[in-house]
Amino acid sequence: MTFTKREEWKKTILIAYPSKFAVSEALSLAESAGYNVIRTVSQKNITRSKFGIGKGKAEEVKEIVSNLEIDTIIFDEMLKPSQQYNLARLCKVEIIDREKLILEIFLERATTNESKIQVKLAQLKYDIVRVKEKTRLAKLGEQPGFYGLGKYDADIHLLDIKRRTTLLKKKLKSEERKRALHRVQRLNNKLPLIALAGYTSAGKTTLFNLLSEEKKDTSKSVFTTLTTYTRSFLIKDRKVLISDTIGFISRLPPYMIEAFKSTLSELNYADIILLVIDVSEDSLVIRKKLKSSLEILSRLELPLDKCILVLNKIDRVKSNEIKDKLNDLVITRGMSQVVSISAELGYNIPRLMEIIENRINDPQIY
Ligand SMILES: Nc1nc2c(ncn2[C@@H]2O[C@H](COP(=O)(O)OP(=O)(O)O)[C@@H](O)[C@H]2O)c(=O)[nH]1
Ligand SMILES: [Mg+2]
């Protein structure tokens, strides 16, 4: 995954819908799961019955797989086990569909026991339909052991999955009890926590790296390196924590919601949430993403007044468009502050820091 060198990442073809948004989101997701996408194949309809894509396109993909020595195909849509199997059998490589890709990322990002359990539960849900398909195919005399349906041990069957599900649900209950305790500890820490939220590819990680590297906290405190995704940094000598989250993902199947929420658990403890939006996108996309971001935050019961709206990638917006785009975002009622930045170029970061500083010095918060 992400900790290996890029050259060691799996060589991957991405099959996605042709929209710019769909492709860029899928690329970011693939990248954060450690796949090296060297070719993107787009098709309008990727929900066809046999292979997901049409027969001709599938043959084309097969060619590319063998010519470029591809290891994996990422299919940016949910595939039925039979489709996944058919395509894998045709192309002779593993097919990672959208659900599987998201689950891999969740697993990598799950930091608490609770979120690990949530992700495992979601994985078992994903597996169960595939094990069923495997049994069905085996009865038909097929040998579904390779590629398509995952590398399950032969002895993993439905009963085992059900047993594990029951066990995990029990563990989950006890973890939920512990969570209350964890929250109390967090409050005792007294270190302000800033969490990053927003859609994939908005620039959260870029901003996270910028803030935590530039204003690095070099003291040898236990908090200096919490996890890969939470670091501490200094604002005018005051130590604060910052957490990068996986962020929001579109088209999430309902059974993954709990796992998704738990990968965002840092948001629950955050004093400040930086909601990062990519303003280089079309106004329509921006509006849509902002709207659903606010919906997700409210579903997670996170108060909007904790949020600072960070409009990122301002370097890619023409100056005459900036005003229009900002006017367009008047729907940000309830969000007390808005700041435009470029995380890549470091533009307006002092202003962002100032806003954060004022927030954490607000006696209403502490
Ligand atoms: N032009 C420009 N690109 C940016 C900016 N911030 C991030 N990016 C790019 O946007 C892409 C996604 O950024 P990333 O931080 O991984 O997004 P995340 O998915 O929200 O963590 C990367 O290719 C970044 O280099 C910015 O301010 N300006
Ligand atoms: Mg990121």
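This is a predicted model: local features need pLDDT of at least 70, side-chain atom pairs count only at pLDDT 80 or more; totals for chains, interfaces and linings use all residues.
Local features are described where pLDDT is at least 70 and side-chain atom pairs where it is 80 or more, while totals for chains, interfaces and linings use all residues. Residues are numbered from 1 along each chain as its sequence is written, and side-chain values use heavy atoms, with hydrogens and water left out.

Side chains of opposite charge can pair when their charged atoms come close. Counting as a salt bridge any side-chain nitrogen of Lys or Arg within 4 Å of a carboxyl oxygen of Asp or Glu, a search of the whole structure finds 19 of them. One of these joins Glu94 to Lys10, with an N to O distance of 4.0 Å. Because Glu94 lies in strand E4 (residues 94-97) and Lys10 in strand E1 (residues 10-16), this pair ties together parts that are 84 residues apart in sequence; helices (H or I, at least four residues) and strands (E, at least two) are DSSP runs, numbered from the N terminus. Glu94 is buried, at 16% relative accessible area, whereas Lys10 is partly exposed, at 36%; here buried means under 20% relative accessible area, exposed over 50%, and partly exposed in between, with a 1.4 Å probe and protein chains only.

Arg98 belongs to helix H4 (residues 98-109) and Glu25 to helix H1 (residues 20-32), so the pair ties together parts that are 73 residues apart in sequence. Both Arg98 and Glu25 are buried, and they take part in a network of salt bridges that also links Asp76, Glu77 and Arg251. A salt bridge within one helix is formed by Lys55 and Glu59, whose closest N and O atoms are 3.2 Å apart; the two residues lie in helix H2 (residues 55-67), 4 residues apart, which is about one turn of the helix. Glu59 is partly exposed, with a relative accessible area of 33%.

Lys173 is found in helix H6 and is exposed, with a relative accessible area of 53%.

For the cysteines, a disulfide is taken as a pair of cysteine sulfur atoms within 2.5 Å, and by this rule the count comes to 0. Cys91 is buried, at 5% relative accessible area, and Cys307 is likewise buried, at 0%.

Two residues deserve a look at the backbone. Glu301, in the loop between helix H10 (283-299) and strand E10 (307-312), has a positive phi of about 60 degrees although it is not a glycine, and Glu301 is exposed, with a relative accessible area of 69%. Lys313, in the loop between E10 and helix H11 (319-328), has a positive phi near 70 degrees and is also a residue other than glycine; at 17% relative accessibility, Lys313 counts as buried.

Conventions
Chains are lettered from A and ligands numbered from 1 in the order in which they are written.
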